[in-house]
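Colleague: Could you take me through the side-chain contacts and backbone details of this model, one question at a time?

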Amino acid sequence: MTRYVMSIDLRRCVGCQTCTAACKNANATPPGVQWRRVLDLETGEFPDVRRSFLPTACMHCAEPPCAEVCPTEATQKRRDGLVTIDYDVCIGCANCVMACPYEARSIVHEPRFAYGDQPIASEAIRFDPSRISVATKCTFCKERIDAAAASGRIPGRDPEVTPACVNSCISGAMVFGDIDDPDSPVSRLLAKTQHFHMHEELGTGPSVYYIWDHA
């Protein structure tokens with residue numbers, strides 16, 4: 001079996017938002033829609049306070065609540081752990097948007113462009129009408145992962161088939177790979193660190209691990 005997961009080392013994240021920009025560039029999301037965000041938080045108590053940064057996106061849950069409420073089964077969990085949306089089947093009912101505890105889904109009902117009603121050249125080339133009036137979210141760059149199977153390359157090791165956010169991280173805080181492979185970089189990293197899931201008390205089984213200390 002294969003299950004792709006992502007680890008994010010909170011000790012390394014510097015809040016640069018490079019992953020946010022890389023995601024927007026790779027996926028051509030419209031203004032106002034960002035599949036990957038970095039929360040800028042103040043933690044601790046005065047006078048011992050600090051800024052903490054928390055990258056968030058779709059958690060690609062093992063038990064995705066979004067799939068449970070989808071009336072058309074447009075949202076599915078793949079065998080490799082990725083939670084996907086079939087735009088041809090989605091009716092834009094927004095049940096999944098409300099069910100997601102991570103606020104990871106968006107619906108845009110009309111085209112949006114950076115400068116007015118008309119797209120600039122780069123937007124016109126990358127505009128995807130299939131994303132209008134349907135739910136969208138982080139896909140773990142599934143097109144890259146699907147390409148890996150045909151090319152023999154390994155997600156998490158070969159940049160061409162690794163999510164754009166992971167490739168862009170300037171501090172090396174983000175690692176991706178197959179958690180069922182004990183020799184994958186992400187498996188080796190998680191084996192020697194302490195980590196948690198966001199809202200793990202909900203039992204959704206997120207595929208994103210937040211590292212906070214050595215084991």
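This is a predicted model: local features need pLDDT of at least 70, side-chain atom pairs count only at pLDDT 80 or more; totals for chains, interfaces and linings use all residues.

Colleague: How many disulfides does a search of the whole structure find, and how far is the sulfur of C23 from the closest cysteine sulfur?

Modeller: With a disulfide taken as a pair of cysteine sulfur atoms within 2.5 Å, the search of the whole structure finds zero. For C93, which is in no disulfide, the nearest cysteine sulfur is that of C70, 6.2 Å away. The closest cysteine sulfur to that of C23 belongs to C138, and the pair is too far apart for a bond, at 6.3 Å.

Colleague: Is C23 buried or exposed?

Modeller: The classes rest on relative accessible area, with a 1.4 Å probe and protein chains only: under 20% is buried, over 50% is exposed, and partly exposed lies in between. C93, at 35%, is partly exposed. The relative accessibility of C23 is 7%, so C23 counts as buried.

Colleague: Which strands hold Y4 and F176, and at what angle are the planes of their rings?

Modeller: Rings of Phe, Tyr and Trp (its six-membered ring) pair if their centres lie within 6.5 Å, and planes under 30 degrees apart count as stacked, over 60 as edge-to-face and the rest as tilted; the whole structure has four such aromatic pairs. Helices (H or I, at least four residues) and strands (E, at least two) are DSSP runs numbered from the N terminus, and this pair links distant parts of the chain, with Y4 in strand 1 (residues 4-9) and F176 in strand 8 (residues 174-178), 172 residues apart. Both residues are buried, and ring pairs link Y4, F140 and F176 into a cluster. The ring centres of Y4 and F176 are 5.6 Å apart and the pair is stacked, because the planes are at 10°.

Colleague: How far apart are the ring centres of F196 and Y210?

Modeller: F196 is in strand 9 (residues 193-196) and Y210 in strand 10 (residues 208-214), so this pair ties together parts that are 14 residues apart in sequence. F196 counts as partly exposed at 29% relative accessibility, whereas Y210 counts as buried at 0%. The planes are at 25°, so the pair is stacked, and the centres are apart by 5.4 Å.

Colleague: Which residue does a cis peptide bond join to F46?

Modeller: The residue lies in the loop between strand 2 (37-45) and strand 3 (48-56). The cis bond has an omega of about 10°, and the partner of F46 is P47.

Colleague: What is the phi of E73?

Modeller: E73 lies in the loop between helix 2 (65-68) and strand 4 (75-77), and is exposed with a relative accessible area of 56%. Its phi is positive in a residue other than glycine, with a value near 60°.

Colleague: Where is L82, and which residues does L82 touch?

Modeller: L82 lies in the loop between strand 4 and strand 5 (83-85), and is buried, with a relative accessible area of 0%. Taking contact as heavy atoms within 4.5 Å, and not counting residues up to four places away in sequence, L82 touches Y4, H60, Q76, K77, T139, F140, K142 and I145.

How values were computed:
Residues are numbered from 1 along each chain as its sequence is written. Side-chain values use heavy atoms; hydrogens and water are left out.
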